[in-house]
Amino acid sequence: MRFLILFLTAAIGLIPAPVKYTPEKDRTSFKKAVAQLEPWQQQEAYRLTIRGKRVKIEALTPEGRFRAQKSLEQLQMLGELPQGTIFDYPRFRHRGLMIDESRSFKGLAFLKKQVDAMALLKLNVLHLHLDDSAGWRIESEAYPDLTGKTAFRIGRTYHEWEAGRYRFTTADDPTGYGGYYTREELKELVAYAAQRYITVIPEIEMPGHSMEVGYAYPQVLCEHPNGRLHTGAWDLCPGSEATYRLLEAVLEEVMDIFPSPFIHIGGDEATMKTWSQCVHCARRMEEEGYTDVKELQGYLVRRIERFVAAHGRRIIGWDEILETGVPEQAVVQSWRGIAGGIQASAAGHEVIMSPNSHCYYNYYQDLIRKEPKAVGELVSLRFTYGYEPLAPGMDPALLRGVQANLWTELIPTPEHAEYMLYPRLFALAETAWTPAAQKEYKGFRKRARALLDLFRSLGYNTFDMDTESDLARSGLQRFPPEGTPIPLDE
Ligand SMILES: [Zn+2]
């Protein structure tokens with residue numbers, strides 16, 4: 001019986017594959033069928049019955065109805081209208097995509113277009129990485145120089161900017177590259193996404209990846225005992241009150257724009273280099289009784305967490321936030337492989353899994369010699385499809401979901417970004433929605449091939465599955481030991 005259901009499910013072209021499809025009319029009660037689900041699953045559950053040209057949708061909420069409509073829309077666009085009944089609900093409540101708008105700025109039309117794709121794929125979280133050393137992308141009234149001085153840079157690509165020694169310029173410089181989102185644009189995006197049951201989670205990065213903040217407002221820089229500021233530093237000064245004034249003012253503006261219950265505060269890759277040579281940091285350490293500068297990271301994260309919690313929101317941070325103590329209500333996003341997720345779950349945190357090994361879509365999707373320059377490891381369609389977010393020993397109740405991340409150091413254009421996302425985002429969508437036991441690569445690949453054609457016809461620039469190498473197809477390039485170059489052919 002199980003085999004039969006799997007077979008029939010695979011016979012429908014939908015991505016993500018639905019929980020259940022039967023060619024017959026389902027005569028059981030929909031309300032009874034969803035009663036056993038978690039409340040957040042009930043929200044999105046639906047039953048779609050197709051008899052001839054007649055379509056019936058059953059759902060408990062408008063959101064469930066919307067998911068059903070998206071299934072119907074995808075099937076219609078694929079030229080299919082299978083007779084029978086689809087009963088469907090999500091596996092995870094967080095089904096996300098992160099887009100890095102700092103290293104390359106792609107603009108509102110691009111983001112709306114990806115929101116449309118996400119809706120079709122039943123993804124429900126767009127995580128926006130809005131600031132990083134290479135440019136601040138969100139307008140601030142309290143600190144206007146953030147965009148005024150760092151939204152434009154010298155260097156079309158991130159690496160050109162790096163090679164040119166990190167120079168910024170202003171909007172009126174015709175040789176400058178960049179841009180930023182106004183409050184109105186972001187509110188428009190939030191509303192556009194909300195109509196599609198997608199939450200936009202903003203990320204304000206701290207204390208690392210923040211070179212541009214110190215450029216715009218030097219008072220957030222560490223200060224050497226000889227009075228000299230650590231100009232050009234990667235990290236904010238966690239000792240100075242000026243840092244908290246800026247971060248809190250910005251976060252208040254951010255929370256005003258984004259109603260999301262979660263605010264991402266970054267927390268990754270602080271170098272902490274200047275913290276041991278700073279009068280403000282030294283004073284803070286003495287006051288708090290710290291012996292290691294690392295503890296200042298924990299101080300900053302906990303203080304910002306309290307601020308965000310006082311506004312009725314919860315923080316998400318990259319897995320580094322675990323290392324220096326953070327309250328249990330903080331959600332941890334595992335990116336350095338899966339270890340952070342396992343550790344976070346053991347400590348009672350809710351977890352979002354986006355391990356770089358499987359979910360970084362800025363990584364190569366095929367052989368180096370046939371692909372645009374990308375980052376390190378091979379994350380082929382098959383390999384990313386095989387990812388199982390629930391790691392052994394992890395508490396399933398704490399696993400909020402799974403997310404793909406698109407960092408854009410090497411992805412300077414919207415077309416290139418789409419090329420990296422599709423079809424791999426199809427795999428992520430199925431991992432996030434479809435029960436693990438129902439996933440099966442061969443059938444998925446067929447459906448992905450057809451959906452990719454549809455995406456092209458809708459104007460998305462995609463990877464070409466027909467040119468996929470045998471190595472990528474095999475999905476075998478799993479965990480190359482660190483430092484191993486990817487073979488050029490095989
Ligand atoms: Zn400092």
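Where is the place of K122 in this protein? K122 sits in the loop between α5 (108-120) and β6 (125-129).

**The big picture**

What you have here is a predicted model: local features need pLDDT of at least 70, side-chain atom pairs count only at pLDDT 80 or more, and totals for chains, interfaces and linings use all residues. Residues are numbered from 1 along each chain as its sequence is written.

As for pLDDT, that's the predictor's confidence in each residue, from 0 to 100. The protein has a mean pLDDT of 94, and 95% of its residues reach 70 or more. Where pLDDT is low, the predicted coordinates should not be read in detail.

The protein holds 19 helices and 19 strands. These are DSSP runs numbered from the N terminus, with helices being H or I over at least four residues and strands being E over at least two. The radius of gyration is 23 Å, close to the 23 Å that the globule rule gives for 490 residues, so the protein is as compact as a globular protein of that length. That radius is taken over C-alpha atoms, and the rule is 2.2 Å times the number of residues to the power 0.38. Along its principal axes, the C-alpha trace spans about 80 × 50 × 45 Å.

Of the 490 residues, 49% count as buried. A residue is buried if 20 or more other C-beta atoms lie within 10 Å of its own, exposed if 12 or fewer, and partly exposed in between, with C-beta atoms placed from the backbone.

Now for contacts: two residues are in contact if their C-beta atoms, placed from the backbone, lie within 7 Å. Take the contacts with a separation of 6 or more: residues 24 or more positions apart account for 67% of them.

**Two domains**

The domain assignment gives domain 1 (2-88) and domain 2 (94-441 + 449-462 + 470-474); such bounds come from an automatic or database domain assignment. Their centres, taken over C-alpha atoms, are 34 Å apart. Where they meet, 16 residues of domain 1 are in contact with 16 residues of domain 2. On the domain 1 side, α1 (2-10) and α4 (62-77) each supply at least two of the touching residues. The most comes from α4, with seven residues. By class, this side of domain 1 has nine nonpolar, three polar and four charged residues. Here Ala, Val, Leu, Ile, Met, Phe, Trp, Tyr, Cys and Pro count as nonpolar, Asp, Glu, Lys and Arg as charged, and the others, Gly among them, as polar.

**A covered helix and a covered strand**

Which residues of α17 are buried? Ten of the ten residues of helix α17 (424-433) are buried, and they run from R424 and L425 through to A432 and W433. Their cover includes β5 (94-100), β19 (399-406), α16 (414-421) and α18 (441-457).

One of those covering pieces, β19, is mostly covered too, with eight of its eight residues buried. β19 runs parallel to β5, joined by six bridges, and parallel to β16 (351-353), joined by three. Two strands pair if DSSP finds at least two bridges between them. G401 in β19 stands opposite H94, and G401 is also the bridge partner of I352.

Most residues other than glycine have a negative phi, and most peptide bonds are trans.

| Spot | Feature | Value |
|---|---|---|
| M206 to P207 | cis peptide bond | omega near -15° |
| Y422 to P423 | cis peptide bond | omega near 20° |
| K122 | positive phi, not a glycine | about 60° |
| E269 | positive phi, not a glycine | about 55° |

P207 is in the loop between β12 (199-206) and α9 (211-216), while P423 is in the loop between α16 and α17. Is K122 buried or exposed? K122 counts as buried because it has 26 C-beta neighbours inside 10 Å. E269 lies in the loop between β13 (262-266) and α11 (279-288), and counts as partly exposed because it has 15 such neighbours inside 10 Å.

**One more loop residue**

R137 belongs to the loop between β8 (135-136) and α6 (145-150). With 26 C-beta neighbours inside 10 Å, R137 counts as buried. Leaving aside neighbours within four places in sequence, R137 has contacts that include E101, D131 and Y180.
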